[in-house]
Amino acid sequence: MSHMLELIFLGYCVLCAILLWIRHRRDRREWFMRLMLVICLPGAGWLLPQFWPKWLYGKNSKADSELLDVYGEHNLYNVKLTRIYQLPEAEKEMNIVPLEEALIVNDYLTRRRVIIDLLKQNTMEYIGVLQQAVRNEDTETSHYAVSAIMEIKRKLTLSMQELSVKYEEDAMNPHLLLAYADVLKAYMGSGFIDERTLTKHKHTYANVLKRLIEVEPERESAYLEKMDTDLELGDYASAEQTGRLYLERFPGQEEAYLALMKLYFTIRSYAQLQATLEALKRSPIRLSHRALALLRFWS
């Protein structure tokens, strides 16, 4: 009786192997994994979702069509199931495997998949990745990235035009000023902007930040952005004026001292740099590791 059961089980294994081979002969790993399922769970293994017929899933959506193009028909349902089970971990996975590395070490299909996924998200957050993808040797990946960046620029241009009109009408609205500054900064960082246009927008950005400081003097980040922009434009007098105003309004912030030190180093004013350094030493501020390192260096 025991020998008979062994023969039946062996026949079952052979039959399963043949049936699965017919369906998954192009992917031996997939064939082996499914075979292990049906062997370890005789009979019941065939009832798992991986073995359900296509009509149970309904017609493919647009997203499924994109997956089909990338992964192929034989892996489509596995990809869908993987997404269902791993959806809560998506953000975690994005952090574990940097997108920049995916564009370098993975195959072309994965690179294209990365760009397609970015297009479905807030692409402004990944503008740096898109700019890197433009130089990718895979022409299709590069094409996707260029298309994404051009679409970002189109939307930002429309937003800038709209906000520019509103800015002229109500230049004292802090919410409008902040929105306009954010859009200008995003546009300048989108890439593919000639130097003349970039310089023009930097001047506008500096003026908007100046007005924002006047209207909302407690917004600390505006001082730093204004000083950095002034330095890029070579407007050192304006940068120093903003820096001193920053230090006056935020005497308990180390960044106010460090920003002025950066300015004085840039213009080679070592006497003023040392004076600011000494003022920082005398202040009751509890310095960060970065500030301590800079203080030791200049001391």
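Student: What should I know before reading the values?

Tutor: This is a predicted model in which local features need pLDDT of at least 70 and side-chain atom pairs count only at pLDDT 80 or more, while totals for chains, interfaces and linings use all residues. Residues are numbered from 1 along each chain as its sequence is written, and side-chain values use heavy atoms, with hydrogens and water left out.

Student: How many aromatic pairs does a search of the whole structure find?

Tutor: The search finds six. Rings of Phe, Tyr and Trp (its six-membered ring) pair if their centres lie within 6.5 Å; planes under 30 degrees apart count as stacked, over 60 as edge-to-face and the rest as tilted. One of the pairs is Tyr-223 with Tyr-246, stacked at 5.2 Å centre to centre with 15° between the planes.

Student: Where do Tyr-223 and Tyr-246 lie?

Tutor: Tyr-223 is in helix 12 (residues 220-233) and Tyr-246 in helix 13 (residues 236-249), so the pair ties together parts that are 23 residues apart in sequence. Helices (H or I, at least four residues) are DSSP runs, numbered from the N terminus.

Student: Is Tyr-223 buried or exposed?

Tutor: Tyr-223 counts as buried, at 0% relative accessibility. Buried means under 20% relative accessible area, exposed over 50%, partly exposed in between (1.4 Å probe, protein chains only).

Student: Which aromatic cluster does Tyr-223 belong to?

Tutor: Tyr-223, Tyr-246 and Phe-250 form one aromatic cluster. Both Tyr-223 and Phe-250 are buried.

Student: New topic: what does the side chain of Thr-242 make a polar contact with?

Tutor: The partner is the side chain of Lys-226, at 3.4 Å. A polar contact is a pair of N or O atoms within 3.5 Å; within protein, one must be able to donate a hydrogen and the other to accept it, and residues adjacent in sequence count only if both atoms are side-chain atoms. Thr-242 is placed in helix 13 and is buried, with a relative accessible area of 8%.

Student: And which residues of helix 14 are buried?

Tutor: Among them are Glu-254, Tyr-257, Leu-260 and Tyr-264. Their cover includes helix 12, helix 13, helix 15 (270-282) and helix 16 (289-298).

Student: What follows helix 14?

Tutor: Arg-268 follows, with a positive phi near 60°. The charged end of Arg-268 sits over the ring of Phe-265, 5.4 Å from its centre; this requires CZ of Arg, or NZ of Lys, within 6 Å of the ring centre and within 35 degrees of the ring normal.

Definitions and conventions: Helix = DSSP H or I, 4+ residues; strand = E, 2+ residues; numbered from the N terminus. Contact = heavy atoms within 4.5 Å.
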